[in-house]
Amino acid sequence: MDTINEMMQGYGIKHTSVEHLNIKCEECNHELKIVTITYTDGTQEEKRAGCVCEATRRANEKQKEINARTFDKGSIMHGDYREKTLDDYQAETKEQSVALRSARKYIDTFDEQMKNRRNIIFQGMFGTGKTHLAAAIRNELSKKNYKALFMSLPDYIDRVKQEFKETNQRHPIYKMAQDADLLVLDDVGANRMTDFEVSELFRLVEARTGKCTVYTTNYDSNDFISSRELHRVFSRMMSNTAVIVLNGDDYREKGLI
Ligand SMILES: [Zn+2]
């Protein structure tokens, strides 16, 4: 007994008391109790005991947080996009207001979006704020501990090429892009796309089937049907996808939405 007391004092514990709650864990049905630990400095701590469910839940949450930070670090974001939020997005047109509302809804209902595998394409010319909205979605979901990854298509292609040249293997970024709860793929079609880029994009879009992806693009539907290969990519991207146009009526007339 002395030994136990000495041990407890070594941890700064004065005494512990156990209170039986007469309730059972809803998950595993074991009887629960509260252990109150009184430390030698007078502070107290209460811990639920009797089953491992809560400890498991805490461990899972910790793991989720660690994963989220990995995807946060793996994101390739230039300028101050890592700091962008929806609150600092200035909606000046009706379309931008609609886009802002959709982005907010997507974040707030992300579990549902994941279940329904919903994607978004933000489509519009340079300077309409599509990257801001997409970055803000990623940033806010990352803070909520989702595995949220951001990169532009050109940055992604660069990484893939570089690694393939050096090691003859696919870059770890491919695995991350495949695994992310949310992938934001920015700047699809920013330049005229090479065959290699189109085929890598197709591979990635395929790998993301069943997961949530947010694209930004300045391509309109005519650009996307300009070649058979692009058309094939576009068809996949459009599956289960809301197209949010940020650019006035020209784009609507072209029949993208
Ligand atoms: Zn339990």
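The structure is a predicted model, in which local features need pLDDT of at least 70 and side-chain atom pairs count only at pLDDT 80 or more, while totals for chains, interfaces and linings use all residues. Residues are numbered from 1 along each chain as its sequence is written, and side-chain values use heavy atoms, with hydrogens and water left out.

The zinc ligands are the SG atoms of Cys 25, Cys 28, Cys 51 and Cys 53, at 2.3 to 2.4 Å; donors here are N, O and S atoms within 2.8 Å of the metal (3.2 Å for Na, K and Ca), and sites may look incomplete since water is not among the atoms. Their spacing along the sequence reads C-x2-C-x22-C-x1-C. Cys 28 sits in the loop between β1 (13–24) and β2 (31–39), whereas Cys 53 belongs to helix α2 (residues 53–74), so this pair ties together parts 25 residues apart in sequence. Helices (H or I, at least four residues) and strands (E, at least two) are DSSP runs, numbered from the N terminus.

Buried means under 20% relative accessible area, exposed over 50% and partly exposed in between, using a 1.4 Å probe and protein chains only. The count of disulfides is zero, a disulfide being a pair of cysteine sulfur atoms within 2.5 Å.

Turning to the nonpolar cores (sets of buried Ala, Val, Leu, Ile, Met, Phe, Trp, Tyr and Cys residues joined through side-chain atoms within 4.5 Å), the largest has 32 residues, and Met 151 and Tyr 156 touch the most other members. Elements supplying at least two residues each include β5 (148–152), α6 (153–167) and α8 (195–207); α8 gives the most, with five. Beyond its neighbours within four places in sequence, Tyr 156 has contacts (heavy atoms within 4.5 Å) that include Met 151, Arg 170, Tyr 174 and Leu 204. A second, separate core of 25 residues includes Ala 135 and Leu 182.
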